[in-house]
Amino acid sequence: MDRRMTYEDFVKEWNSDSEFVAVKTSGSTGKPKEMLVEKSRMLASARMTCDTLNLHEGDTAMLCMSTDYIAGKMMVVRSIERGLKLTVIKPSNHPFATLREPFDFVVMIPSQVYETLRVPEEASVLARCKNIIIGGGAISPELAKAINEISTDNSECVFLSTYGMTETLSHIALRRLNGSEASEWYTPMKGVSVNLADDGCLVIDAPHLFAEPLKTNDIAEIVNGRFRIRGRKDNVICSGGIKIQIEEVAQMLQPHLNAPFAITKKADKKFGEIVVLLTESNDIESIKVICEDVLPRYWRPKEIIHIAQIPMTETGKIKRSRE
């Protein structure tokens with residue numbers, strides 16, 4: 001097994017004579033892949049974020065993510081570019097366990113926020129931070145509600161969901177999660193524009209980050225320059241002539257299922273493909289009833305399977321195999 005990269009390892013790599021840094025993808029759709037990225041483009045991405053959040057030299061930031069991946073690396077680069085005071089915490093679901101002072105800038109994945117909010121002492125510290133960016137996974141309605149509840153007493157506390165990937169050098173668009181400006185629409189950051197390809201997938205143009213426009217596999221809607229994501233093109237289930245978006249099925253079930261679950265698909269002789277629900281719950285019959293009550297007829301899982309644990313990547317995404 002490869003040794004995990006530490007903060008010190010990345011700083012050493014950053015300070016080397018090479019103009020490039022090696023980064024690897026999250027592995028949500030298969031084995032993580034390594035790619036070389038120009039340091040100058042990482043600095044441009046860092047500058048874009050710091051300018052958007054109005055961060056200044058001397059502001060405090062926390063790194064609580066692995067520097068194996070772009071999210072962790074970019075927190076280090078932002079601190080270097082802007083002269084932030086960076087506190088490095090070992091990655092865990094409770095980064096605030098031993099901290100009682102808030103930060104000006106924090107980046108977390110959804111599971112870290114969820115677990116932090118379950119501990120009142122940790123939640124109170126998080127609620128006093130100024131800019132909390134959440135990336136690496138979807139924000140459930142329950143998590144969004146909890147975020148709004150803990151941040152109501154601090155108008156300066158801003159929770160933001162990100163859109164981005166390794167290829168875009170972390171996030172290129174943000175949407176507000178709390179307060180009166182909360183929205184399901186992402187706003188591209190300065191220097192970034194978006195459009196749709198013929199198949200409805202999002203295309204990102206950001207010359208300062210990558211040389212050519214980048215076509216994603218995310219099916220999107222665009223209105224007045226802002227966009228929202230319906231789901232991934234490769235997460236479409238074609239069942240009996242009906243196209244079903246995995247993310248939309250999961251979103252409809254999310255408020256009704258307590259145990260962790262995932263929607264996937266499998267080949268079927270009759271329908272071509274069928275919807276399959278994986279769950280950590282043993283109560284299959286109750287889940288079947290919920291699906292019948294909540295989902296349109298053609299969206300209902302043909303199979304509901306109990307598994308010990310939903311497979312997840314290190315960055316908090318459901319791990320889906322793409323052969």
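**Leu169 and Ser170**

I started at Leu169, which is buried at 2% relative accessible area. This is a predicted model, so I take every value here as computed. I placed Leu169 in the loop between β7 (158-165) and β8 (170-176). Most residues other than glycine have a negative phi.

Then I checked Ser170, and phi is positive there too, about 80°, again without a glycine. Ser170 sits in strand β8. I get 10% relative accessible area for Ser170, so I log it as buried.

**Cys201**

Next stop was Cys201, in strand β11 (residues 201-205). Buried or exposed, I wondered about Cys201? Buried, with a relative accessible area of 0%. I listed what Cys201 touches, leaving out residues up to four places away in sequence: Asn195, Leu196, Lys215, Thr216, Asn217, Asp218, Ile219 and Lys233. I also looked up Gly231, 30 residues along the chain from Cys201; the two C-alpha atoms are 9.4 Å apart.

**Salt bridges**

I ran the search over the whole structure and got 16 salt bridges. Side chains of opposite charge can pair when their charged atoms come close. I picked out a few.

Arg82 and Asp51 pair through their side chains at 3.0 Å, N to O. Arg82 is in helix α3 (residues 70-82) and Asp51 in helix α2 (residues 39-52), so this bridge ties together parts 31 residues apart in sequence. I noted Arg82 as buried at 18% relative accessible area, while Asp51 is partly exposed at 48%. Which residues are linked in a network of salt bridges with Arg82 and Asp51? I found Arg47 and Glu81 in that network.

Asp104 bridges to Lys130, with the closest N and O atoms 3.8 Å apart. I traced Asp104 to the loop between β4 (85-88) and β5 (105-108), and Lys130 to the loop between α5 (120-126) and β6 (131-134), so the pair ties together parts that are 26 residues apart in sequence. Asp104 came up buried, at 14% relative accessible area. I have Lys130 down as partly exposed, at 38%.

Last, I looked at Arg228 and Glu221, whose side chains meet in a salt bridge at 3.2 Å, N to O. I get 24% relative accessibility for Arg228, partly exposed, and 29% for Glu221, also partly exposed.

How values were computed: Residues are numbered from 1 along each chain as its sequence is written. This is a predicted model: local features need pLDDT of at least 70, side-chain atom pairs count only at pLDDT 80 or more; totals for chains, interfaces and linings use all residues. Side-chain values use heavy atoms; hydrogens and water are left out. Helices (H or I, at least four residues) and strands (E, at least two) are DSSP runs, numbered from the N terminus. Buried means under 20% relative accessible area, exposed over 50%, partly exposed in between (1.4 Å probe, protein chains only). Contact means heavy atoms within 4.5 Å. A salt bridge is a side-chain nitrogen of Lys or Arg within 4 Å of a carboxyl oxygen of Asp or Glu.
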